[in-house]
Amino acid sequence: MNKQIFHHWKQPLRTAAALVVAAGTIVGASACGLGGDASSSSSAASGDTVNIGVIYPKTGQYAEYGKLFEQGFNLAIEKVNADGGVKGKKLGLKYFDTQSDAKQDAAVAPKLVADKSIIAVVGDYASPASAAASPIFQQAGLVHYGFNNSAPTFTDTGDHVWTPQIGQDKYQKANADIVAKKAKKISVVYIENDWGKQAYQYFKEEAEKNGTEIVYESSYLADSTDLSPILIPARDAQPDAVVDIGYGPDGALVLNTLRDKLGFTGQYFGGQETKEFLDLAGDNANGTIITGSFSATGTKDDKAKQFVKDFNAKYGNNPGNFEVTAYQAIIDLAYAANKTEPTRAGIQKALQTVTDFPLYQGNGGTFKFNQSNRRADNIDPILLTVKDGKFVQYEG
């Protein structure tokens, strides 16, 4: 097993100074949510606007996800304000670029806490980065809405930490179940961080239940540029399929190495539903199968169809999983504010009591939160595959 020791995201911050180090570029969005570079301080000061703080990777290795999130966030803000805002106030966004780095998340969190116009926080992309900020928000009584955080332990910090994201326990069950239908022997590689290790353990447990034989396993570092040393033995184990549990860029690197350098022609499970993955993998991506939560072409839900239509009108392409979860996060919190009041206490109360949040993912409809773990009760994963260079819902 190729292992590297990482610090666990739950360990206490080492020094108070870490919380006040300047972290990332701080940018605001205008009250109407158009773009991410205009300051919103004047509108917030007037009392006519309340804001949602956004911690996300505008720059850095995960900037592709930040771009997708911005599209979903800004479209949602436009809709909320066109529909009357929140209890007569406009809803704005204040963006904080953290590069989805745990140190930067922890450092920038006090800035959001100190801004009294911010009624809730959404983000970050990676669960370990988000979790570094959660204790600070928890202590301040500020809701941390980790809309993209699928680590099952993400909400363990406290009662102000919530997520509608499907947990990796569910995702990896679905992943292992489709793998079992396609392969008897597999090689598995996974990203070396807390998220990747947790996800792989869930996958491994389900694969063993299914009778799938894991003939090779290895982790890899997120910034790896050459994965041949771990993929040669993965190929030489003669698996029916290779499974990658990671993100988009590394998923493409795994796939391209297998296909272009090592001649592996078996089934591949891995990558993420982003343009970056498709561009990096090219023709190699065709036939790839992944788990997801949304299909722009497969959804049957009326409000989700309208979202797809609105997204296309604004951006000229269909939204994917990352855009819809970002969009839904803002819609969720606006709905919460209108059910109670647009304050920090109001958001928390709504998440504890509202049972009909609008659901765009999965089969649509509505959802509520399980109060024991503060995760969405009834959102299930779907399967996606690449066909002719595009992700579509898998029906096989």
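Asp301 sits in a buried spot, with a relative accessible area of 11%. In this predicted model, the side chain of Asp301 still finds a charged partner: Asp301 and Lys303 meet in a salt bridge, with N and O 3.2 Å apart. Lys303 comes out as partly exposed, at 25% relative accessibility. The cut-off for buried is under 20%, so Asp301 at 11% falls on the buried side, while Lys303 at 25% lands in the class in between.

Another one links Glu192 with Lys197, where the closest N and O atoms are 3.5 Å apart. Glu192 is buried, at 2% relative accessibility, and Lys197 is partly exposed, at 25%. A further salt bridge joins Asp177 and Lys173, and here the closest N and O atoms are 2.9 Å apart. Both residues belong to helix α5, which covers residues 168–182, and they are four residues apart, so about one helical turn separates them. Asp177 counts as partly exposed at 24% relative accessibility, and Lys173 also gets the label partly exposed, at 42%.

Now for a histidine. His144 is part of strand β5, which spans residues 144–145. With a relative accessible area of 0%, His144 is buried. What does its side chain reach? The side chain of His144 gets to the backbone oxygen of Gly123, at 2.7 Å. Leaving aside residues up to four places away in sequence, His144 touches a whole list of others, among them Ile55, Val121, Phe137, Phe154 and Trp162.

Most residues other than glycine have a negative phi, and most peptide bonds are trans. The bond joining Gly123 and Asp124, though, is a cis peptide bond, with omega at about 5 degrees. Asp124 is found in the loop that runs between β4 (118–123) and α4 (127–140).

Lys87 isn't a glycine, yet its phi is positive, near 50 degrees. Lys87 lies in the loop between α2 (63–82) and β3 (90–97), and it is partly exposed, with a relative accessible area of 46%. Gln238 isn't a glycine either, and it has a positive phi of about 55 degrees. The loop between α7 (228–236) and β9 (241–245) is where Gln238 is located. Is Gln238 buried or exposed? At 61% relative accessibility, Gln238 counts as exposed. The cut-off for exposed is over 50%, so Gln238 at 61% passes it, whereas Lys87 at 46% stays in the partly exposed class.

Next come two helices that pack against each other. Two packed helices are described by the angle between their axes and the distance between the axes. Helix α11 (residues 321–339) and helix α12 (residues 344–353) pack at an angle of about 100 degrees, and their axes are 8 Å apart. That makes α11 roughly perpendicular to α12, because angles of 65 to 115 degrees go by that name. On the α11 side, the contact is made by Leu333, Ala336 and Ala337. On the α12 side, Gly346, Ile347 and Ala350 take part. Sorted by class, the contact has five nonpolar residues, one polar residue and no charged ones.

Last up is Lys368, a residue in the loop between β13 (366–367) and β14 (369–370). Lys368 is partly exposed, with a relative accessible area of 36%. Which residue does its side chain meet in a polar contact? The side chain of Lys368 makes that contact with the side chain of Asp377, at 2.7 Å. Lys368 also pairs up in space with Thr355: the two are 13 residues apart in sequence, and their C-alpha atoms are 4.5 Å apart. Not counting residues up to four places away in sequence, Lys368 touches Val354, Thr355, Arg375, Ala376, Asp377 and Asn378.

Terms used. Residues numbered from 1 in each chain as written. Predicted model: local features only at pLDDT ≥ 70, side-chain atom pairs only at ≥ 80, totals over all residues. Heavy atoms only, no water. Axes fitted to C-alpha atoms, helices over the stretch in contact; angles between N-to-C directions. Helix = DSSP H or I, 4+ residues; strand = E, 2+ residues; numbered from the N terminus. Parallel < 35°, antiparallel > 145°, perpendicular 65-115°, else oblique. Contact = heavy atoms within 4.5 Å. Nonpolar A, V, L, I, M, F, W, Y, C, P; charged D, E, K, R; others polar. Buried < 20%, exposed > 50% of the residue type's maximum accessible area, 1.4 Å probe, protein only. Polar contact = N/O pair within 3.5 Å; in protein donor to acceptor, adjacent residues only side chain to side chain. Salt bridge = Lys/Arg side-chain N within 4 Å of Asp/Glu carboxyl O.
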